[in-house]
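Welcome to this short tour. Please have your viewer ready and follow along, one selection at a time.

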Amino acid sequence: MLPASGNLPSLANIPSLQSANTGGTVAAATKKTLLMVKDLYVSFPTKGAEKATVVNGLSYEISEGETLGVVGESGCGKTMTSLSLMGLVPGRGEVTGEINFNGRNLLEQTEKQWREVRGRDLAMIFQEPMSAMNPVMTVGQQIAEVLQVHEGLSKRSGVDRAVELLTAVGIPSPLRRARDYPHQLSGGMRQRAMIAMALACRPKLLVADEPTTALDVTIQAQILDLILELQEDTGMAVQFITHNLAVVSELAHRILVMYAGRGVEYATSEQIFDNPLHPYTRGLIETLPDPDKKVERLHVIQGSLRVQSRQGCRFAPRCTLATDECRVIEPPMLEVEPNHYVACLKVAP
Ligand SMILES: Nc1ncnc2c1ncn2[C@@H]1O[C@H](COP(=O)(O)OP(=O)(O)O)[C@@H](O)[C@H]1O
Ligand code: SF4
Ligand SMILES: [Mg+2]
């Protein structure tokens with residue numbers, strides 16, 4: 001269990017954080033689909049003729065109010081997937097497929113439409129808050145600016161609302177902190193301030209890309225608790241990205257496990273933990289420390305992401321179950337039990 005995050009003020013009284021949905025927390029399954037990503041590819045030109053494809057035909061969806069955990073080791077394409085949602089893939093990166101959000105394919109919109117969606121309906125928080133914050137503006141001014149741009153608030157009411165938001169994310173002495181510059185805050189407080197900024201316009205979806213990775217364990221737990229609490233109060237959906245499966249175990253309704261730019265297993269959290277079917281997911285679960293064992297035994301998945309097959313299953317070079325067939329045929333993602341999808345030739349529906 002995560003430790004409690006302390007006594008946060010009630011968010012229900014803060015207009016900018018009131019739920020966009022009605023009816024509080026409803027099981028994700030009964031809710032409307034908010035985001036549907038279909039056959040997403042992200043590639044970059046290389047010096048040679050071939051493109052480097054870093055996200056490779058990824059499909060998933062998120063319902064209103066749902067938390068999706070996206071898990072996979074470093075370099076598997078998690079950040080590129082999130083940046084695609086935000087329209088922020090760097091350089092000459094090419095994004096194809098469909099990103100249907102709130103009834104619109106984001107990949108067909110103009111830059112002006114992207115700017116309208118970003119920060120209002122869709123917000124993102126990063127591992128390193130400094131990358132998302134302006135170092136020469138106070139924290140309060142930055143949050144107020146978001147509210148001025150998207151909600152047409154005056155400067156004065158923007159600053160007042162910023163202080164309310166800083167209070168809501170559990171920042172002590174919020175009035176004073178609003179006048180601080182980002183570098184004057186501790187890592188944990190900066191992360192909270194970025195969350196306040198991201199939540200300023202009540203986004204329908206918060207994309208959280210490893211937001212706790214740079215923090216120490218106690219602060220990590222507090223930030224996770226804060227996100228959970230804010231989600232319950234606001235009804236927003238969350239795409240929570242991490243390389244650590246343990247982090248999403250208490251947070252996510254569904255989990256998407258990625259390997260080398262592809263989805264390999266996609267199911268509810270219960271299914272992933274009670275009945276993991278893909279050899280890579282099984283390996284990830286075996287690496288989690290077992291709380292019942294006195295001596296922690298850490299299993300390791302042999303090999304590295306860099307060793308991948310160019311053909312067939314990308315996990316084959318590291319898979320103990322691999323056969324010749326696996327090195328030739330690319331496993332399709334199939335529904336093996338209701339709402340449980342797996343891409344492995346040895347797991348039959
Ligand atoms: N600007 C870029 N140009 C080309 N390749 C990139 C660029 N940024 C990241 N990559 C590559 O894309 C792959 C996926 O990266 P990323 O999405 O950041 O992974 P993750 O977030 O899962 O660690 C990596 O192999 C990385 O080297
Ligand atoms: S398809 Fe073959 S190599 Fe790939 S995960 Fe399944 S058993 Fe392993
Ligand atoms: Mg990343």
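Which space is the largest cavity? Select ligand 2, and you have found the place: the space that ligand 2 takes up is the largest cavity. Keep in mind as you look around that this is a predicted model.

Stay here and show the residues around ligand 2, of which there are 13. Those that come nearest are Cys-313, Cys-319, Cys-326, Cys-344 and Lys-346. Now colour the shell by residue class: 11 of its residues are nonpolar, 1 is polar and 1 is charged.

Next stop, the helices. Two packed helices are described by the angle between their axes and the distance between those axes.

Select helix H6, residues 187-199, together with helix H7, residues 217-234. Their axes come within 10 Å and cross at roughly 15°. An angle under 35 degrees counts as roughly parallel, and so H6 is roughly parallel to H7. Look at the hand as well: H6 passes H7 in a right-handed crossing.

For the last stop, hold on to H3 and bring in helix H4, residues 155-168. How are H3 and H4 oriented to each other? The axes of H3 and H4 lie 8 Å apart, at an angle of about 120°, and H3 and H4 are therefore oblique to each other. Here H3 passes H4 in a right-handed crossing.

Technical notes
Residues are numbered from 1 along each chain as its sequence is written. Chains are lettered from A and ligands numbered from 1 in the order in which they are written. This is a predicted model: local features need pLDDT of at least 70, side-chain atom pairs count only at pLDDT 80 or more; totals for chains, interfaces and linings use all residues. Side-chain values use heavy atoms; hydrogens and water are left out. A residue is near a molecule or strand if one of its heavy atoms lies within 4 Å of it. On a 1 Å grid over the protein atoms alone, a cavity is a set of points where a 1.4 Å probe fits but cannot get out, and a pocket is an open set with protein on both sides within 12 Å along at least five of seven lines; lining residues have an atom within 4 Å of a point. A molecule sits in a cavity or pocket if more than half of its atoms lie within 2 Å of its grid points. Ala, Val, Leu, Ile, Met, Phe, Trp, Tyr, Cys and Pro count as nonpolar, Asp, Glu, Lys and Arg as charged, and the others, Gly among them, as polar. Axes are lines fitted to C-alpha atoms, for helices over the stretch in contact, and angles run from 0 to 180 degrees between N-to-C directions. Helices (H or I, at least four residues) and strands (E, at least two) are DSSP runs, numbered from the N terminus. Angles under 35 degrees count as roughly parallel, over 145 as roughly antiparallel, 65 to 115 as roughly perpendicular and the rest as oblique. A crossing is left-handed if the near helix is turned anticlockwise from the far one by less than a right angle, and right-handed if clockwise.
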